[in-house]
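Visitor: I am new to this structure. Please take one part and walk me through it closely.

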Amino acid sequence: GNGAHVQALVIGTGYGGSVAALRLAQAGVAVEMIEMGMAWDTPGSDGKIFCNLTSPDERSFWLRTETKQPVGYFLGIPIDRSIPSYTGILDAEDFAGITVYQGRGIGGGSLVNGGMAVTPKQENFGAILPSVDPNEMYNVYYPRANAGLGAGVIPNSWFNTTQWYEFARVGQKQAGRSGFPFEFVPDVYDWNYMQQEDAGTVPRSALAQELLYGNNYGKKSLQKTYIPAALATGKVNISPLHKVTSVSPASGGGYTVLMNQLDTSGNVIVTKEVTADKVVFAAGSVGTSKLLVQMRDTGQLPNLNDQVGQGWGDNGNIMVGRANQIWDPTGANQSTIPCGGIDNWTAGGAFAEVAPLPIGIETWASLYLSITKNPHRAQFSWNSSTQKVDLSWQQAWKQDGITMAKTIFDKINSTEGTIYRTDLFGTYKTWQDELTYHPLGGAVLNQATDNYGRLTAYPGLYVMDGALIPGNTSVNPFVTITALAERNIENIIANGG
Ligand code: FAD
């Protein structure tokens, strides 16, 4: 409540925040977690907590009057629709050159993501986090993260036979015919549950077009893993619909944290002030970077160094669709959970997830989300005239990612005698080059912080999320974010801060 004093305050309830809260609580520290989004624990009038992809309602988007679907067109026709403005689950946050998609609610990105739990190849790790000992990561922290998250691979016999993964088998076959390795990737979806969905013995979730706006049953989001473990310690409290607006040194020691309590229309209903001995910034790459840059440049935390706000990248995200031959249908029934990708990282700088297009009709389309080695990095800066934080990313920089993705898809198109779809992201628009799902950086490890996430100018302040990672992970990022948080918080606890 207002005026309270807490031992540790964690801003955000995504991967970094949940790891920090659990480990601090297990070490005996009382933790207050502050989350701007909703709790997502109460069913709506349809009996479900979350809505699905094909019928987005007010629950779908964070304070928007129209949906902003990543695949926003079909046959070149816009498919976005009006919705009531509400503190919904998926935030499509617009900057000048890019829209950054993020989860809002207790569980952060784990509520809305595809659950792909991918550990980068060890040979690529040095380029991801050069100051981190890879042996420690691959022997201790990646295994700990994967166990805590509950990652597993699709059972092979089911993959090979089920109608729900025809789209992925087409992707596998075509990768092979063009000489690219197809790699199964682990996911945190409960694969046994999905097979029961198929058998009709349990309510459907992945097989009922649930993903971007939440998953009602089978996905092991943080709401089923780290967060209940943290709450079970009895030392953690979570406040949803509270947005942190300021952190500054308190006169008696520790930090003063200001926050706005929101209603579900996004209005501020009350402003609160608490003091905390320690503050963990885990608001995600964008949330943490925005707060830190604003605090530094408006004088609340003036000694934060000039690396704060630097080194932001889009993990090279690029989406594209291909039109298959009539004899290669991808299936009217598609699971929403991806299970594999096409690897051309070393030769071409691209790793392409074979993604579903689960709209319930045969489309003959293959959809891909590529992660590319796009080298561009942007910075956050405080704009005193708008009183907002800007991001310097330029849409034209996506061309590097497109060029890398083309090393895979030009080859596949040539082998198969096929073409790109131009009707999914606009009218005659081939590439989705306006968004990222994987914001990374802004408070890079060992640059903005020490080698464990400490903001050394301010003892007791830490960064613990995707902001630490310098713009790219070569694969989907949440396992790396989780593993790095496990590593950093262990060091911080062991050294008393
Ligand atoms: P987040 O998970 O973003 O958590 C930050 C939390 O802080 C949020 O809950 C936010 O609401 C809250 N917050 C922000 N600002 C404030 C504030 N001022 N006050 C209070 N709270 C605040 N990654 C994968 O590895 N595999 C995938 O399959 C995958 N698919 C994705 C699909 C989509 C559609 C999206 C959007 C992302 C996907 N990702 C995937 C990316 C992954 O979800 C993110 O990398 C990850 O969630 C980032 O973790 P984090 O701990 O850095 O922050």
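Guide: Buried here means under 20% relative accessible area. Keep that cut-off in mind, and note that this is a predicted model.

Start with helix α8, residues 284–297. In α8, the buried residues are S285, V286, G287, T288, S289, L291, L292, V293, M295 and R296. That makes ten of the 14 residues buried, so α8 is largely enclosed by the rest of the structure. Its length fits too. From first C-alpha to last, α8 reaches 20 Å, close to the 20 Å expected at 1.5 Å a residue. Just after α8 comes G299, with a positive phi of about 90°.

α10 covers residues 398–416, which is 19 residues. At 1.5 Å a residue they should span 27 Å, and the end C-alpha atoms lie 26 Å apart, which agrees. Yet α10 bends by about 40° at K406. Its buried residues include G401, I402, M404, A405, I408, F409 and I412. An α-helix has 3.6 residues a turn, so residues three or four places apart point the same way. Just after α10, G417 takes a positive phi of about 65°.

Last, a helix pair. The axes of α1 (residues 15–26) and α11 (residues 478–494) come within 9 Å and cross at roughly 30°. The crossing is right-handed. From α1, the contact uses Y15, G16, V19, A20, R23 and L24. From α11, it uses F478, I481, T482, A485, E486, I489 and I493. By class, this contact has nine nonpolar, two polar and two charged residues.

Technical notes. Residues are numbered from 1 along each chain as its sequence is written. This is a predicted model: local features need pLDDT of at least 70, side-chain atom pairs count only at pLDDT 80 or more; totals for chains, interfaces and linings use all residues. Side-chain values use heavy atoms; hydrogens and water are left out. Helices (H or I, at least four residues) and strands (E, at least two) are DSSP runs, numbered from the N terminus. The expected span of a helix is 1.5 Å times one less than its number of residues. The bend at a residue is the angle between axes fitted to the seven residues ending there and the seven starting there. Buried means under 20% relative accessible area, exposed over 50%, partly exposed in between (1.4 Å probe, protein chains only). Axes are lines fitted to C-alpha atoms, for helices over the stretch in contact, and angles run from 0 to 180 degrees between N-to-C directions. A crossing is left-handed if the near helix is turned anticlockwise from the far one by less than a right angle, and right-handed if clockwise. Contact means heavy atoms within 4.5 Å. Ala, Val, Leu, Ile, Met, Phe, Trp, Tyr, Cys and Pro count as nonpolar, Asp, Glu, Lys and Arg as charged, and the others, Gly among them, as polar.
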